[in-house]
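Me: I have a model open and want a quick tour. Can you take me through it piece by piece?

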Amino acid sequence: MEKQGNVLQVKDLNVAVESKQGVLPLVQNLHLELKPGKVLGLVGESGSGKTMTCMSLLQLLNQKTMRVEGSIKLHGKELNGLKEKEMRSIRGKDIGFIMQNPMNAFTPVYTIGNQFVETIRIHTNLSKRQAIELAISSLEKMDLQEPAKLMKMFPFQLSGGMLQRVMIAISMCLRPSVVIADEPTTALDVTTQRQVLQELDRLRTECGTSILLISHDLGVISELADDVAVMQNGQIVEKADVYRLFDQPKHDYTKKLLQARPALPVNRELSKLVI
């Protein structure tokens with residue numbers, strides 16, 4: 001029986017691609033649960049299946065070449081197999097998506113405001129004026145300066161960090177039940193990373209949004225996640241709360257990931273002076 005209180009429930013998820021060599025499995029027997037207001041970190045090396053999992057949850061895989069089997073339930077509603085029109089009404093409103101590369105998330109020939117307002121109006125009954133006001137308010141919350149001016153700018157006129165925050169603002173403004181954040185801090189400077197993580201934390205605190213945080217950066221995971229699932233070769237090899245996973249990892253692959261974290265060398269002479 002499905003546990004009560006889970007916003008997103010994924011059971012027996014299998015993803016495979018049809019190729020000349022036959023059917024190749026990419027994700028196998030995956031189980032995930034997202035609880036209200038909680039952050040689940042999904043970690044693993046590049047190619048482990050993290051992004052493939054993310055795309056399957058959003059039903060964004062090519063149905064002609066990809067096979068997605070299993071159950072993906074949002075508030076008890078089955079998403080796997082939904083028609084594209086119905087799924088489009090869920091993406092952006094009930095499930096927010098923060099892409100790995102913000103430049104790929106925006107159409108270069110339309111202004112930020114045009115794309116922001118269109119997203120709002122597709123999923124709500126707000127007038128254009130009301131949508132513009134909501135967009136500006138959402139950008140202000142992301143600590144973006146002169147949001148009204150920014151709305152008239154094109155994506156190429158913004159830095160990667162600014163675009164990332166705009167993307168989070170779009171995800172936040174409709175207060176979705178779930179946000180899937182795929183490597184949201186990749187290629188950002190340390191200061192911008194901190195701002196992005198703070199805004200994700202505010203999203204789950206203020207809106208009760210559940211977040212699936214996909215990352216290979218264990219520092220980001222330790223900062224924000226409540227629970228962690230470790231992925232290797234398309235399978236979940238270990239699940240635990242964030243403290244237990246970092247302090248007492250059980251699987252050999254998890255131990256190797258933790259050992260691979262860069263550590264700053266300790267200057268013992270300097271340490272004595274500080275003490």
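Predicted model: local features only at pLDDT ≥ 70, side-chain atom pairs only at ≥ 80, totals over all residues.

**Sheet and helices**

Reply: Helix 1 (residues 50–57) lies across strand 1, strand 2 and strand 4 (66–74), and runs at about 110° to strand 1. Helices (H or I, at least four residues) and strands (E, at least two) are DSSP runs, numbered from the N terminus. Axes are lines fitted to C-alpha atoms, for helices over the stretch in contact, and angles run from 0 to 180 degrees between N-to-C directions. Contact means heavy atoms within 4.5 Å.

Me: What order do the strands take in the open sheet of four?

Reply: The order is 2-1-4-5, with antiparallel pairing. Two strands pair if DSSP finds at least two bridges between them.

Me: Which are the edge strands?

Reply: Strand 2 (22–34) and strand 5 (77–78); each pairs on one side only.

Me: How many bridges join strand 1 to strand 2?

Reply: Nine, with strand 1 covering residues 8–19. Glu18 has Val23 in strand 2 as its bridge partner.

Me: Switching to helix 4. Which residues are buried there?

Reply: Ala131, Ala135, Ser138 and Leu139. Buried means under 20% relative accessible area, exposed over 50%, partly exposed in between (1.4 Å probe, protein chains only).

Me: How are the buried residues arranged around the axis of helix 4?

Reply: They fall within an arc of 100°, so they line one face of the helix. The arc is that of the directions from the helix axis to the C-beta atoms.

Me: What do they pack against?

Reply: The buried residues of helix 4 pack against helix 3 (112–123), helix 5 (147–150) and helix 6 (160–173).

Me: And just after helix 4, which residue takes a positive phi?

Reply: Asp143, at about 60°.

Me: New topic. Where is Lys93?

Reply: In the loop between helix 2 (84–90) and strand 6 (95–98). Lys93 is partly exposed, with a relative accessible area of 38%.

Me: What does Lys93 touch?

Reply: His123, Leu174, Arg175 and Pro176, not counting residues up to four places away in sequence.

Me: Last one: is Thr254 buried or exposed?

Reply: Buried, with a relative accessible area of 1%. Thr254 sits in helix 10 (residues 252–259). Leaving aside neighbours within four places in sequence, Thr254 contacts Val230, Glu238, Leu245 and Pro249.

Key: Residues numbered from 1 in each chain as written. Heavy atoms only, no water.
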